[in-house]
Amino acid sequence: MADEVSLWGVLTIIGPIVLLGVIIWAVLNNRVSRRRHEESERATANLYDEQDRIDREKRLP
C-alpha cells in the first residue's frame, strides 16, 4: 500500500512536468519561418490565379 501511495505522489509531480515539456516541444517545433510562410502564401496566390485563368478560358465560347 505504501508503494502505491508513493508512486501516485511521484506521478502527480512528474506527470505535469512531462506534459509541460511535451507542450513546449510541440510549440517550438510547429513554428514556421517567415520565408516558408511567404513561400506558402505566394504558392496559394499562384494556384488561385491559375484556377481563375482556367475558369475564364472555360467561359469563353
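Mentor: Let us start with a definition: a residue is buried when its relative accessible area is under 20%, exposed when over 50%, and partly exposed in between, with a 1.4 Å probe and protein chains only. The model is predicted, so local features need pLDDT of at least 70 and side-chain atom pairs pLDDT 80 or more, while totals for chains, interfaces and linings use all residues. Residues are numbered from 1 along each chain as its sequence is written, and side-chain values use heavy atoms, without hydrogens and water.

Trainee: Is E57 buried, exposed or partly exposed, and why?

Mentor: E57 counts as partly exposed because its relative accessible area is 46%.

Trainee: Where is E57 found?

Mentor: Helices (H or I, at least four residues) and strands (E, at least two) are DSSP runs, numbered from the N terminus. E57 belongs to helix 2, residues 34–59. Its C-alpha atom is separated by 23 Å from that of R42, 15 residues apart along the chain.

Trainee: How many helices and strands does the protein chain have?

Mentor: The protein chain has 2 helices and 0 strands. The radius of gyration is taken over C-alpha atoms, and the globule rule is 2.2 Å times the number of residues to the power 0.38. The chain is more spread out than a compact globule, because its radius of gyration is 26 Å, well over the 10 Å that the rule gives for 61 residues. Its C-alpha atoms fill a box of roughly 85 × 25 × 10 Å along the principal axes.

Trainee: What share of the 61 residues is buried?

Mentor: Buried residues make up 0% of them.
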